[in-house]
Amino acid sequence: MTDVAWLPAAAASVPVLVAHIVPGVTDFYAGLLHPVTAVEHLLTFVAIGLLAGQQARGVARRALTLFVCVLLVTAGLAGAHGRTLHLEGPLLASMVGVGCLVAANWRLPAAAVYTCVTAVAALHGVANGAELTPAMAPVRFVAGIALAGFVVMTYAVGLARRAEAPWAGVAVRAAGSWIAAVGVLAWGAVTR
Amino acid sequence: MMHGRTRATLRVAGAVVMGVCLWPSPAAAHEPGGLAEGFLSGFGHPLSGLDHMLAMVAVGLWGAQLGAPAMWLLPVTFPLVMALGGLLGVRGLFLPAVEPVIAASALLLGAAVLLAWRPMLAVALALVGVFAVYHGYAHGAELPGAADQLAYGAGFVLSTGTLHVVGIAIGLLHRWTWGTMVVRAAGGVIAVAGVYLLADVLR
């Protein structure tokens with residue numbers, strides 16, 4: 001896990017420099033940065049990773065793979081479909097729901113975890129993929145989105161799996177509760 | 001020699017800090033101000049008012065003094081209850097006597113720490129819950145005007161949580177005999193400041 005530890009820092013600093021040197025790579029970085037610079041996507045990815053990390057080891061690993069695959073497919077489909085969507089309400093609801101599950105710290109049945117992961121990945125995949133503009137290369141943009149989802153969720157799974165000390169488990173739960181709280185507030189502002 | 005796991009944790013922490021430090025440049029380049037400005041105004045709001053800051057630290061102190069399960073119930077449930085109060089503030093619904101109750105919360109929570117008051121868990125949670133709603137309301141009322149509302153919400157939840165953690169960290173001194181007095185003295189300082197704040201509001 002520590003081998004990818006410098007990726008977010010690199011991702012945050014590199015695109016501005018590289019984008020103009022390598023033609024076409026801009027779309028990849030646009031996809032990579034889109035979920036990471038939008039709070040509703042970033043925090044939900046973190047929350048779903050924490051939820052997976054609170055489960056058994058095998059469940060967490062399969063949930064991670066499932067998440068990235070569903071994200072890739074749905075983002076691709078939404079990008080190909082090319083229609084503007086208004087998903088603020090469902091996106092924030094997913095953030096609140098997953099955050100509350102992390103705060104509750106239940107050992108869920110594997111099927112429930114996979115269902116939850118699939119639903120969240122599909123919703124956020126569609127929302128991110130719909131941001132594709134005709135000028136962009138769809139494959140690069142969608143690949144960027146999937147990589148961002150993979151990196152963020154891997155971090156979160158790793159953190160939750162490492163939380164062995166009692167206080168660390170509480171810290172993971174508090175993080176879930178904080179994410180849900182941000183979702184509740186933003187929902188209030190969006191639906192005002 | 002440093003334990004392998006500790007070193008790995010430090011590397012991750014270093015990467016996160018580095019990421020956060022590098023963050024504003026590309027974000028600011030894409031949409032001037034929006035995300036970073038919203039986050040910073042949200043993060044600064046609980047820190048800008050002495051009443052919020054002292055009350056949140058007092059919540060952490062009291063939680064640590066009460067011990068488990070209050071110590072971990074507070075940071076997990078507080079943000080959610082606060083967000084419900086924030087919802088009232090965002091929607092502009094009426095809540096009576098917001099400023100006096102917030103000032104009184106610093107006074108009462110400080111006094112609870114000073115006196116090492118140990119009520120039933122339900123009483124402590126209900127008291128802190130009411131104050132959470134009021135503090136959330138005050139922060140939420142500012143949210144609709146923020147540059148980026150989600151980032152504002154994330155900022156103020158994070159800074160409130162950090163204040164709790166600071167309170168709990170100081171409160172952990174409670175396990176030593178001399179520390180008990182330090183924690184109670186800190187509660188006393190907060191209570192005295194609460195008296196001043198309350199008098200200032202009611203003036």
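Author: The model is a predicted one. Let us begin with a loop of chain B: Pro69(B) lies between α4 (50-66) and α5 (70-90).

Reader: Which residue is joined to Pro69(B) by a cis peptide bond?

Author: Most peptide bonds are trans. At the bond in question, omega is about 0°, and the bond is cis. The partner of Pro69(B) in this bond is Ala68(B).

Reader: Is Asn105(A) buried, partly exposed or exposed?

Author: Asn105(A) sits in the loop between α5 (88-104) and α6 (110-129) of chain A, and its phi is positive, near 55°. Buried would require under 20% relative accessible area and exposed over 50%. Because its relative accessibility is 35%, Asn105(A) counts as partly exposed.

Reader: What is the phi of Ala97(B)?

Author: Most residues other than glycine have a negative phi. Ala97(B) belongs to the loop between α5 and α6 (98-114) of chain B and is partly exposed, at 44% relative accessible area. Its phi is positive although the residue is not glycine, with a value near 50°.

Reader: What is the relative accessible area of Met120(B)?

Author: Met120(B) is found in the loop between α6 and α7 (121-142) of chain B. Together with Leu114(B), Leu115(B), Trp117(B) and Val123(B), Met120(B) forms a nonpolar surface patch of about 510 Å² accessible area. A residue counts as exposed over 50%, and Met120(B) is therefore exposed, its relative accessible area being 60%.

How values were computed: Residues are numbered from 1 along each chain as its sequence is written. Chains are lettered from A and ligands numbered from 1 in the order in which they are written. This is a predicted model: local features need pLDDT of at least 70, side-chain atom pairs count only at pLDDT 80 or more; totals for chains, interfaces and linings use all residues. Side-chain values use heavy atoms; hydrogens and water are left out. Helices (H or I, at least four residues) and strands (E, at least two) are DSSP runs, numbered from the N terminus. Buried means under 20% relative accessible area, exposed over 50%, partly exposed in between (1.4 Å probe, protein chains only). Patches are made of residues with over 30% relative accessible area and no salt bridge: like charges are joined within 9 Å, nonpolar side chains (Val, Leu, Ile, Met, Phe, Trp, Tyr) within 5 Å. Accessible areas come from the Shrake-Rupley method with a 1.4 Å probe; for residues, only the protein chains shown count as cover. A salt bridge is a side-chain nitrogen of Lys or Arg within 4 Å of a carboxyl oxygen of Asp or Glu.
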